[in-house]
Amino acid sequence: MSTKLPERTQAKAKAEGHHMPGRESADRKQVTQGRWASLLLLPTLVLLAIVIIYPVVNAIIMSFQKDAGLNAATGFFEQGGAAGFDNYAHWLLQQCNGQACPPGTIGSQFWSAFGTTFFFTVVTVALETVLGFWMAIIMARSFRGRSAVRAAVLVPWAIPTAVTAKLWFFIFAFDGIANKLFGTQILWTGSEWPAKWAIVISDTWKTTPFMALLILAGLQLIPDEVYEAAKVDGATAWQRFTQITLPLVKPALMVAVLFRVLDALRMFDLPYIMTQGANNTTTLSILVVDQIREGFNSAAALSTITFIVIFLVAFIFVRFLGANAVGAATSSGKK
Amino acid sequence: MAATATLPRTATAPARRKRFDWGQVRTYISALIILVWCLLPAYWMIVTAFRDTAFTFDSSFWPTHVTWDNFATVFDESLGNHFGRNLLNSLIVAGVTTVVALVVGVFAAYALARLNFRFKFAVMGFILGASMFPGVALVTPLFQLFTNIGWMGSYQAMIIPDISFTLPLTVYTLTSFFREMPWELEESARIDGCTQGQAFRKIILPLAAPATFTTAILAFIGAWNEFLIASQLSSDATRPVTVAIAYFAGAQPHQEPYTAVMAAGTIVTVPLVILVLVFQRKIVAGLTAGAVK
């Protein structure tokens with residue numbers, strides 16, 4: 001916050017018509033700092049433009065072109081050409097060559113992949129938020145061995161998702177330890193709902209620690225005196241939680257939820273390795289990857305749709321739910 | 001002042017202690033549940049890694065039928081496993097990505113943390129948005145681009161897209177670290193007669209080094225764990241460990257080589273976990289930097 005002060009006082013001085021000594025030097029300082037800043041930021045922005053904006057623009061252009069393929073009418077193998085919105089209609093309206101896509105083809109799976117992606121996102125993020133909150137509250141208390149617990153939660157976080165997938169694939173194997181522990185005989189990765197829950201549990205194991213640490217950091221900013229005062233006023237534990245903890249931790253919580261939601265919407269590694277997308281566990285990301293080798297341009301349209309969906313969700317979060325990640329990042333640490 | 005501050009504490013202490021014990025027990029039980037939940041699956045991976053293939057599904061908690069065979073299988077080239085090569089590939093890709101992201105990102109982070117300029121909010125928003133960008137939206141156009149220019153399966157084909165998420169992460173984390181640093185010390189050193197170079201070398205560098213190092217670990221882990229991009233854009237020669245583990249070959253054909261995969265997972269994970277535990281405090285600070293405050 002303090003960083004914005006010179007600009008504001010300057011503007012105020014201007015508006016009020018006061019003469020401000022040293023205004024000119026402040027102006028010059030602003031200009032030189034601005035020049036320095038653009039110089040220092042240039043490499044990062046150029047690099048990000050190359051690795052993100054160029055491919056995205058490229059994908060958008062590709063998405064309006066036809067995939068090379070056999071033309072049913074002429075019987076010739078044809079190279080692309082302009083496609084208009086055909087590729088988007090292919091996914092969104094399930095149109096394959098002017099008719100409904102036959103079941104089983106990649107094209108017919110869009111809405112089910114869309115639903116699966118949102119199912120995973122809602123369920124995993126909800127579970128992770130509740131569990132993460134609980135873990136954070138425990139880790140915020142003082143007890144012997146607290147540092148051991150805080151270290152332990154970093155273990156699932158540090159394990160690569162590909163390894164996590166293989167590990168839980170083994171745990172959920174038919175002869176695996178999960179079935180033995182619970183005395184069940186479930187083919188976990190063999191049918192729709194067990195497979196979905198296996199993926200949800202693996203994801204929850206892997207990413208709850210991240211959630212817990214972010215929430216813990218938020219909890220630690222709440223001064224003890226607030227709780228003491230509430231206790232003196234006779235607030236119950238539940239009241240203290242809903243009236244103090246929740247509202248005060250909300251900014252950190254919203255940012256954590258936003259990060260997790262955006263991450264879950266692009267979920268790929270776990271279902272791709274555990275089930276290869278079988279039994280209705282195909283997410284949008286898996287569908288794009290399946291499509292790449294079938295035709296770049298349709299894949300480009302699908303990846304653009306995926307990108308827009310994620311962008312819209314992020315927008316809704318920031319605009320309507322007050323997840324202010326940028327504000328949290330730009331505000332000064334000194335308060 | 002002192003009397004009013006200490007009085008309530010002594011007055012409530014006995015009453016609180018009695019309730020506290022029960023709360024403390026519950027805390028320990030909860031802490032134990034967290035420990036078991038987080039560590040047990042990882043423990044199971046390591047135990048299985050040392051188990052004889054014939055006893056893959058042995059369910060005893062302690063290590064039984066202990067053998068190093070699985071680790072031999074992991075590196076057995078006659079089975080088509082090139083795990084040494086995969087490890088090297090991961091090191092190269094993650095290493096180069098980290099160095100590039102750090103070298104470029106450190107300047108941006110300095111500007112964002114220390115300088116006043118217009119559009120700061122917009123720049124930060126763009127960088128944050130970039131870090132949340134879905135990898136799958138890059139893979140499709142890059143797949144075609146790299147095919148056209150003959151880069152498919154090369155190291156740069158993975159490093160370039162990896163930068164799309166490591167660089168924003170680096171800038172984001174470093175910015176919040178830099179903001180916390182006592183930069184006034186630089187000025188004090190100048191007043192005390194240090195040259196600008198000395199002030200930088202003796203004051204700023206030692207202060208910034210731990211922050212930079214932590215950020216490097218986070219970026220490295222991010223790139224090391226990357227799977228989607230590598231699974232599509234790598235070749236046999238450049239395949240990193242994450243992809244190799246997903247397509248592992250065991251001693252028996254048509255049989256999922258669980259024990260060998262767990263051994264490979266152990267090799268990939270243990271160094272990472274040790275690194276993380278050693279720098280635990282710093283890493284937690286880096287992970288949560290910027291998300292709160």
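How many helices and strands does chain B have? Chain B has twelve helices and zero strands. The legends below describe close-up views of a predicted model.

**View 1. The two chains and their secondary structure.**
Read along its sequence, chain B follows the pattern α-α-α-α-α-α-α-α-α-α-α-α. The secondary structure of chain A, by contrast, comes to 15 helices and four strands. Of the 335 residues in chain A, 41% are buried, while 44% of the 293 residues of chain B count as buried.

**View 2. The contact between chain A and chain B.**
The contact takes 82 residues from chain A and 86 residues from chain B. Helix H2 (residues 23-63) of chain A supplies the largest share of the side of chain A that touches chain B, namely 18 residues. Sorted by class, this side of chain A has 58 nonpolar, 17 polar and seven charged residues.

**View 3. The largest nonpolar core.**
The largest nonpolar core has 156 residues. The residues with the most contacts inside this core are A:Val153, A:Ala212, A:Ile215, A:Ala256, B:Ile245 and B:Ala264. From chain B, the core draws at least three residues from each of domain 1 (16-69) and domain 2 (80-247). A:Val153 can be followed through its own contacts: leaving out residues up to four places away in sequence, A:Val153 touches A:Met135, A:Pro209, A:Ala212 and A:Leu213 in chain A, together with B:Ile34 and B:Cys38 in chain B.

**View 4. The domains of chain B.**
The domain assignment of chain B gives domain 1 (16-69) and domain 2 (80-247). Taken over C-alpha atoms, the centres of domain 1 and domain 2 of chain B are separated by 34 Å.

**View 5. Helix H6 of chain B.**
Helix H6 (residues 155-180) of chain B has 26 residues. From its first C-alpha to its last, H6 of chain B reaches 36 Å, close to the 38 Å expected at 1.5 Å a residue. The helix bends by about 40° at B:Ile163. Because 23 of its 26 residues are buried, H6 of chain B is largely enclosed by the rest of the structure.

**View 6. Helix H8 of chain B.**
Helix H8 (residues 196-224) of chain B bends by about 45° at B:Leu205, and the proline B:Pro206 follows within four residues. Buried residues of this helix include B:Ala199, B:Ile203, B:Ala211, B:Leu218, B:Phe220 and B:Trp224. The buried residues of H8 of chain B pack against H3, H6, helix H7 (184-191), helix H11 (258-278) and helix H12 (280-288) of chain B, and also against helix H6 (154-158) of chain A.

**View 7. Two loop residues of chain B with positive phi.**
B:His65 lies in the loop between helix H1 (2-49) and helix H2 (69-74) of chain B. Its phi is near 50°, a positive value in a residue other than glycine. B:His65 has 14 other C-beta atoms within 10 Å and is therefore partly exposed. B:Phe119 is found in the loop between helix H3 (83-114) and helix H4 (120-131) of chain B. Although B:Phe119 is not a glycine, it has a positive phi of about 65°. With 13 other C-beta atoms within 10 Å, B:Phe119 is partly exposed.

**View 8. A:Leu265 and its surroundings.**
A:Leu265 is placed in helix H11 (residues 237-265) of chain A. A:Leu265 counts as buried because it has 22 C-beta neighbours inside 10 Å, where 20 or more are required. Neighbours within four places in sequence aside, A:Leu265 is in contact with A:Thr117, A:Thr121, A:Val309, A:Ile310 and A:Val313. A:Lys166, 99 residues from A:Leu265 in sequence, is 21 Å from it in space, C-alpha to C-alpha.

**View 9. A:Asn87 and its surroundings.**
Helix H3 (residues 86-92) of chain A contains A:Asn87. This residue has 25 C-beta neighbours inside 10 Å and so counts as buried. Apart from neighbours within four places in sequence, A:Asn87 is in contact with A:Ser63, A:Asn297, A:Ser298 and A:Ala301. A:Gln239 is 152 residues from A:Asn87 along the chain, and 53 Å separate their C-alpha atoms.

Conventions. Residues are numbered from 1 along each chain as its sequence is written. Chains are lettered from A and ligands numbered from 1 in the order in which they are written. This is a predicted model: local features need pLDDT of at least 70, side-chain atom pairs count only at pLDDT 80 or more; totals for chains, interfaces and linings use all residues. Two residues are in contact if their C-beta atoms, placed from the backbone, lie within 7 Å. Ala, Val, Leu, Ile, Met, Phe, Trp, Tyr, Cys and Pro count as nonpolar, Asp, Glu, Lys and Arg as charged, and the others, Gly among them, as polar. A nonpolar core is a set of buried Ala, Val, Leu, Ile, Met, Phe, Trp, Tyr and Cys residues joined through C-beta atoms within 7 Å. A residue is buried if 20 or more other C-beta atoms lie within 10 Å of its own, exposed if 12 or fewer, and partly exposed in between; C-beta atoms are placed from the backbone. Domain bounds come from an automatic or database domain assignment. The expected span of a helix is 1.5 Å times one less than its number of residues. The bend at a residue is the angle between axes fitted to the seven residues ending there and the seven starting there.
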